[in-house]
Every structure is written in structure tokens, then in C-alpha cells.
Amino acid sequence: MLRKFESQAREQGVKDVRTIKQRGNVAEEILKIADKEKVDMIVLGSRGRSTAKEFLLGGVSHKVVHHARCPVTVVR
């Protein structure tokens, strides 16, 4: 699955694409890796929950959007 998304990003003109498989709290790991790697942008998917539900459930995209030190694009 990671290779598929990496290929799609390259086809859309993204030059430096890296995928990382990690275990742990998803939002925290994304934020740690983004800081460590000094990424320019985070792109992640959303399950389509409403903003209110994400806030109540602590959704990954909600946490990343509000705590990342770089731009975040959420794709539905």
C-alpha cells in the first residue's frame, strides 16, 4: 500500500517522497518523524468523520493538523 501511494505522489510531480512504517500512537509518531526529518508538508488521509466527532474521538488528522509545525493536507 505504501508503494502505491509513493508512486501516485511521484506521478503527480512530488520529487522527494519517502514512506515510513512505524508503530505507536499514530498522531504522535507522525509529528515526531515530521520534526526529526524536517519535512516540508504532511499529507494524510481522513476517514471522513465530522470535525466534532474527530475532536471527541481524538482523530489522527485532527491532532496532526493542530500540532504540526509544517503545513498539513488532509485528503478524504
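Modeller: Here is a walk from the overall layout to the pocket, and then on to its surroundings.

A word on the ground rules: this is a predicted model, where local features need pLDDT of at least 70, side-chain atom pairs count only at pLDDT 80 or more, and totals for chains, interfaces and linings use all residues. Numbering starts from 1 along each chain as its sequence is written, and side-chain values use heavy atoms, with hydrogens and water left out.

Let's start with the layout. The protein has four helices and two strands, and these are DSSP runs numbered from the N terminus (helices are H or I with at least four residues, strands are E with at least two). Reading from the N terminus, the order is α-α-β-α-α-β. Of its 76 residues, 21% count as buried; here buried means under 20% relative accessible area, exposed means over 50%, and partly exposed is in between (1.4 Å probe, protein chains only).

Rolling a probe the size of a water molecule over the atoms shows where empty space is left. The largest pocket holds about 1700 Å³ of space, and 38 residues line it, with Arg18, Ile30, Ile42, Val43 and Leu44 closest to its centre. The search runs on a 1 Å grid over the protein atoms alone: a pocket is an open set of points with protein on both sides within 12 Å along at least five of seven lines, whereas in a cavity a 1.4 Å probe fits but cannot get out, and lining residues have an atom within 4 Å of a point. Points are joined across faces, edges and corners, and the volume is the space filled by probe spheres set on them.

By type, the lining divides into 18 nonpolar, eight polar and twelve charged residues. For that count, Ala, Val, Leu, Ile, Met, Phe, Trp, Tyr, Cys and Pro are nonpolar, Asp, Glu, Lys and Arg are charged, and the others, Gly among them, are polar.

Arg18, one of the residues closest to the pocket centre, leads us to the charges. Side chains of opposite charge can pair when their charged atoms come close. The structure holds five salt bridges, each a side-chain nitrogen of Lys or Arg within 4 Å of a carboxyl oxygen of Asp or Glu. Arg18 meets Asp16 in one of them, at 3.7 Å from N to O, and both residues are exposed. Together with Glu37, they are linked in a network.

Asp35 pairs with Arg69, their closest N and O atoms being 3.8 Å apart. Asp35 sits in H2 and Arg69 in the loop between H4 and E2, so this pair ties together parts that are 34 residues apart in sequence. Asp35 is partly exposed at 38%, while Arg69 is exposed at 75%. Over in H1, Arg10 and Glu6 form a bridge at 3.0 Å, N to O; the two are four residues apart, or about one helical turn.

Lys38 has a positive phi of about 55 degrees although it is not a glycine, and it is exposed at 71%.

Val64 lies in H4 and is buried at 0%; its C-alpha is 6.6 Å from that of Leu31, 33 residues away in sequence. Ser46 is in the loop between E1 and helix H3 (51-57) and is buried at 17%. Ser46 and Val74 are 28 residues apart in sequence, with 6.4 Å between their C-alpha atoms.

Finally, back to Val43, also one of the residues closest to the pocket centre. With Met41 and Val75, Val43 makes a nonpolar surface patch of about 270 Å². Patches use residues with over 30% relative accessible area and no salt bridge, joining like charges within 9 Å and nonpolar side chains (Val, Leu, Ile, Met, Phe, Trp, Tyr) within 5 Å; areas come from the Shrake-Rupley method with a 1.4 Å probe, and for residues only the protein chains shown count as cover. Val75 belongs to strand E2 (residues 72-75) and is partly exposed at 44%.
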